[in-house]
Amino acid sequence: MSKVAVLGAGAWGTALAMHIALQHDVVLWARNSGHVSGMRKARANPLYLGDFTFPQRLTVEDDLPTAVAGADLILSVVPTAGFRPILQQLKALGIQQPLIWANKGLEPQTAKLPFEVAQDELGADYPWGVLSGPSFAAELVRGLPTAITLAANHRALAQQAAQLVHGGCLRVYDSVDVVGASVGGAVKNVMAIAAGISDGMGFGNNARAAMITRGLAEITRFGMALGAKAETFMGLAGAGDLILTCTGQYSRNREVGLQLASGKSLESILAGLGHVAEGVNTAREVMRRAETIGVEMPITFEVNQLLTNQKSAQAAVSALLGRGQRQESV
């Protein structure tokens, strides 16, 4: 039996904590003491995940040093914007445990992926990795079959951490391509906004399939330019996550696209979601990074134009359709 500290009590963090607690001791940490108090009383997380009852091995905590004390593994599921601050707090505590994160996106302002933030704060040799793949919290918590990838900077850690999370309805594959898993998990959110716009404008199944396929090409180009392996994007952390996020009913980023197509403002959409839609910030940061490394990403470019009020949905779609004929390639 192991002890796992899960940091971040949103929907996905809570679902992972509940799943792991079926086999191991888990401490679920949230910074908001009121939220923690509510979860302790309800033995559930009604704010983000309904009335699903916590397993007996799951406890909740609002004190970070207490939460990570004695843990064999730390799993961070805080939003990308808060990833660096939480790493800085953990570093100040002198942690030595392996760290896995499950947030997907690029850091605002720096356009860095989470593994680059981890390198900055903990060093390239510190044992860390990423959990990514097609996974909705609402389905994992119901015990529905789910498969994801755990990529780490050391093969032994990837295998050990994957084995710890693996079990029951959740199948976990291990990998050492942290770059590929990070890129796939981040950029697919941008493509999901594009897919939502396409669906919201009534363009049909053909257009959605084209958007997903060409979106995967963009993701692959971007990832390989950063050192990822091409085959990663054919797996769960690439195509799998992309397909789910572009088509699934629980996709927050697809919902953003759907509502943008209906004419709603981005501000009102985000206010009504109640959850973080990582793709909104990611589109801007991916374009900043893509321009720096010289990678062409037309779908991402048009989504960012729309999100920054430089184009309407109709104009963005027209720009994509108006591009010249070319050979299909990654």
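1. E285 pairs with R288 in a salt bridge at 3.6 Å, N to O (a side-chain nitrogen of Lys or Arg within 4 Å of a carboxyl oxygen of Asp or Glu). R288 is partly exposed at 33%. Both sit in helix α14 (residues 278-293), 3 residues apart, about one turn. Helices (H or I, at least four residues) and strands (E, at least two) are DSSP runs, numbered from the N terminus.

2. Some housekeeping: this is a predicted model, where local features need pLDDT of at least 70 and side-chain atom pairs pLDDT 80 or more, while totals for chains, interfaces and linings use all residues. Residues are numbered from 1 along each chain as its sequence is written, and side-chain values use heavy atoms, with hydrogens and water left out.

3. The salt bridge count comes to 17. One of them joins R84 and E107 at 2.8 Å, N to O. That pair links distant parts of the chain, with R84 in helix α5 (residues 83-92) and E107 in the loop between β5 (99-101) and α6 (114-122), 23 residues apart. R84 is buried at 15%, and E107 is buried at 7%.

4. E328 lies in the segment after α16 (313-321) and R214 in helix α10 (residues 204-225), so the pair ties together parts 114 residues apart in sequence. E328 is exposed at 62%, and R214 is partly exposed at 31%.

5. On to the voids: there are 2 cavities of 30 Å³ or more. A cavity here is a set of points, on a 1 Å grid over the protein atoms alone, where a 1.4 Å probe fits but cannot get out; lining residues have an atom within 4 Å of a point. Grid points are joined across faces, edges and corners, and volume is the space filled by probe spheres set on the points. The largest cavity has about 90 Å³, and α15 gives the largest share of its lining, 4 residues.

6. The second largest cavity holds about 30 Å³. Its lining includes W101, K104 and P114, and the largest share, 4 residues, comes from α9. Domain 1 (3-176) and domain 2 (180-322) both contribute lining residues, so this cavity lies between them; the domain bounds come from an automatic or database assignment.

Definitions and conventions:
Buried < 20%, exposed > 50% of the residue type's maximum accessible area, 1.4 Å probe, protein only. 1 Å grid on protein atoms, 1.4 Å probe; cavity = no way out; pocket = protein on both sides within 12 Å on 5 of 7 lines; lining within 4 Å.
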